[in-house]
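Thank you for asking me to look over this model before our discussion. My comments are set out as numbered points, to be read beside the structure.

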Amino acid sequence: MAVKEVLRETEAKMKKTIEVVNREFTSIRTSRASTTLVDNMKIEYYGTPTPLKQLATISTPEPKLLVINPWDKSSMGEIEKAILKSDLGINPTNDGKVIRLGIPQLTEERRNELGKVVHRIAEDGKVSLRSIRHMANDKIKKMQDDSQISKDESFWGKDDVQKLIDKYTKEIDDLFEHKEKEIKAV
C-alpha cells in the first residue's frame with residue numbers, strides 16, 4: 001500500500017463525514033419549510049420502517065408549509081404518528097387526502113437549542129475527521145516502520161493528511177456558519 005493510496009482512502013472517508021454532517025444540518029428545522037425535514041423520517045409501513053419519501057410526494061407550496069401526499073392513503077395514520085413522535089415539534093393536519101405541516105416561527109429559546117445542536121453536530125464531525133487523521137497517520141507510520149517507505153515519504157504523507165484535515169475542517173466550519181446564520185435569520 002503506497003502513501004497515495006492511504007491519502008485517497010483518507011480523503012474518501014473525510015468526504016463521507018462531510019456528507020453526514022451536511023445531511024444532519026439539513027434535517028434541523030428552521031422556520032422555512034424544506035422537504036429534507038421529513039424525507040428520511042421512518043414510517044412503519046406494513047411492519048417495515050420505510051423512509052417517508054418512498055411513501056409519498058413531499059412538497060413546499062408555501063415558504064412555511066409542507067404538504068405530504070401519500071400514495072397509499074391507508075398509511076396516513078402511521079405518517080401522522082411518526083411526525084408526532086419526531087422532534088420536529090410540529091402538529092400535522094390531516095384532511096383525508098394530504099397531511100399539512102405548518103412550520104411555526106422559531107422562539108428565541110428554540111433558536112438557542114438549535115444552535116447548541118448544530119454546534120454539537122459540527123464538533124462530532126471534527127472529532128470524526130481527527131479520528132480518520134489518526135488512523136491514516138498510524139498506517140503511514142507502520143509503513144515507515146516496516147521499511148515500505150522512507151522517513152521523508154512518511155513526513156510528506158503525514159503533511160498531506162494534515163492538509164486534508166485542514167481542508168475538511170474548514171468545510172465543516174463553513175457549513176456550521178451557514179446553518180447558524182440560517183437559524184438566527186429566522
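The points below take up the nonpolar core, the salt bridges and a charged surface patch.

1. The model is a predicted one, and the comments here should be read with that in mind. Its largest nonpolar core has 26 residues, among which Met 14 and Phe 25 touch the most other members. Helices H1, H3 (108-145) and H4 (151-185) are the elements that give two or more residues to this core, and H3 supplies the largest share, with 9 residues.

2. A search of the whole structure finds 14 salt bridges. One of them joins Glu 78 to Lys 81, with the closest N and O atoms 3.2 Å apart; because these two residues are 3 apart in helix H2, about one helical turn separates them. Glu 78 is partly exposed, at 29% relative accessible area, and Lys 81 is also partly exposed, at 46%.

3. In helix H3, Asp 124 and Arg 120 lie 4 residues apart, about one turn of the helix, and form a salt bridge whose closest N and O atoms are 3.2 Å apart. Asp 124 is partly exposed, with a relative accessible area of 43%, while the value for Arg 120, likewise partly exposed, is 44%.

4. Lys 142 forms a salt bridge with Asp 146, the closest N and O atoms being 2.9 Å apart, and Glu 9, Lys 13 and Lys 139 are linked in a network of salt bridges.

5. On the surface, Lys 16, Arg 23, Lys 42 and Lys 53 gather in a patch of positive charge. Of these, Arg 23 belongs to helix H1 (residues 3-26) and counts as partly exposed, at 48% relative accessibility.

Terms used:
Residues are numbered from 1 along each chain as its sequence is written. This is a predicted model: local features need pLDDT of at least 70, side-chain atom pairs count only at pLDDT 80 or more; totals for chains, interfaces and linings use all residues. Side-chain values use heavy atoms; hydrogens and water are left out. Patches are made of residues with over 30% relative accessible area and no salt bridge: like charges are joined within 9 Å, nonpolar side chains (Val, Leu, Ile, Met, Phe, Trp, Tyr) within 5 Å. Accessible areas come from the Shrake-Rupley method with a 1.4 Å probe; for residues, only the protein chains shown count as cover. A salt bridge is a side-chain nitrogen of Lys or Arg within 4 Å of a carboxyl oxygen of Asp or Glu. Lys and Arg count as positive and Asp and Glu as negative; His and the chain ends are not counted. The place of a charge is taken as NZ of Lys, CZ of Arg, CG of Asp or CD of Glu. Buried means under 20% relative accessible area, exposed over 50%, partly exposed in between (1.4 Å probe, protein chains only). A nonpolar core is a set of buried Ala, Val, Leu, Ile, Met, Phe, Trp, Tyr and Cys residues joined through side-chain atoms within 4.5 Å.
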